[in-house]
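Me: Hi! I have a protein model open and I'd like to walk through it with someone. Can you help me find my way around?

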Amino acid sequence: MEATGKAKKGAASRKAGGPRKKAVTRSIRAGLQFPVGRIGGYLKNGRYAKRVGTGAPVYLTAVLEYLAAEVLELAANVKRDN
């Protein structure tokens, strides 16, 4: 028997029509624009290692995003000069 005044948690409350929380992706948590989940999938499916840690795709995504930003900045400088 349920105690009155106790809120349900988990999927049961959503089935009853409760509000669903907005998903927070790893990219948002890390403050990145590139997709951390997709990079993690590439690491796992590429069979680069038997195991992939949770921080590896975040770090790799941050490095890729930084390199892309640097290349974009250099391209913008070249375009402005010419």
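Me: Let's start with threonine 61. Which helix is it found in?
Reply: Threonine 61 is found in helix α4. Keep in mind that this is a predicted model.

Me: Is threonine 61 buried or exposed?
Reply: Threonine 61 is buried, and its relative accessible area is 0%. The cut-off for buried is under 20%.

Me: What is threonine 61 in contact with, leaving aside its neighbours within four places in sequence?
Reply: Its contacts are Leu32, Phe34, Pro35, Val36 and Ile39.

Me: Which residues in α4 are buried?
Reply: Pro57, Thr61 and Glu65 are buried there. Here is a handy general point: an α-helix has 3.6 residues a turn, so residues three or four places apart point the same way.

Me: Nice! And what covers the buried residues of α4?
Reply: The cover includes α2 and α3.

Me: How many residues does α4 have, and what does it reach from its first C-alpha to its last?
Reply: α4 has 26 residues and reaches 38 Å between those two atoms. That is close to the 38 Å expected at 1.5 Å a residue.

Me: Let's move to α2. What does the side chain of serine 27 reach?
Reply: Serine 27 is found in helix α2, and its side chain reaches the backbone nitrogen of valine 36 at 2.9 Å. Serine 27 is buried as well, with a relative accessible area of 10%.

Me: What else is serine 27 in contact with?
Reply: If you leave aside its neighbours within four places in sequence, serine 27 is in contact with Leu32, Phe34, Pro35 and Val36.

Me: Where is glutamine 33?
Reply: Glutamine 33 is in the loop between α2, residues 26-30, and α3. Glutamine 33 is exposed, with a relative accessible area of 70%.

Me: How far apart are the C-alpha atoms of glutamine 33 and glutamate 65?
Reply: They are separated by 7.4 Å, although the two residues are 32 residues apart along the chain.

Me: Switching topic: what about the phi of arginine 47?
Reply: Phi of arginine 47 is near 60 degrees, a positive value in a residue other than glycine. Arginine 47 lies in the loop between α3, residues 36-45, and α4. Arginine 47 is exposed, at a relative accessible area of 66%.

Me: How many salt bridges does a search of the whole structure find?
Reply: The search finds 1 salt bridge. Arginine 80 forms a salt bridge with aspartate 81, and the closest N and O atoms are 3.9 Å apart. In general, side chains of opposite charge can pair when their charged atoms come close.

Me: Are arginine 80 and aspartate 81 buried or exposed?
Reply: Arginine 80 is exposed, with a relative accessible area of 63%. Aspartate 81 counts as exposed too, at 58% relative accessibility.

Me: Which residues form the nonpolar patch on the surface?
Reply: The patch is formed by Tyr59, Leu60, Val63, Leu64, Tyr66 and Leu67, with about 580 Å² of accessible area together. One of them, tyrosine 66, is found in helix α4, which covers residues 56-81.

Me: Let's zoom out. How many helices and strands are there?
Reply: The chain has 4 helices and 0 strands. Along the sequence, the pattern reads α-α-α-α.

Me: What share of the chain counts as buried?
Reply: Of the 82 residues, 11% count as buried. The chain exposes about 7500 Å², and carbon and sulfur atoms supply 58% of that area.

Me: Last one: what do residues 24 or more positions apart account for?
Reply: They account for 44% of the contacts in the chain with a separation of 6 or more.

Key:
Residues numbered from 1 in each chain as written. Predicted model: local features only at pLDDT ≥ 70, side-chain atom pairs only at ≥ 80, totals over all residues. Heavy atoms only, no water. Patch = residues over 30% accessible without salt bridge, like charges linked within 9 Å, V, L, I, M, F, W, Y side chains within 5 Å. Areas by Shrake-Rupley, 256 points an atom, 1.4 Å probe, with all protein chains shown as cover. Salt bridge = Lys/Arg side-chain N within 4 Å of Asp/Glu carboxyl O. Buried < 20%, exposed > 50% of the residue type's maximum accessible area, 1.4 Å probe, protein only. Contact = heavy atoms within 4.5 Å. Expected span 1.5 Å × (residues − 1). Polar contact = N/O pair within 3.5 Å; in protein donor to acceptor, adjacent residues only side chain to side chain.
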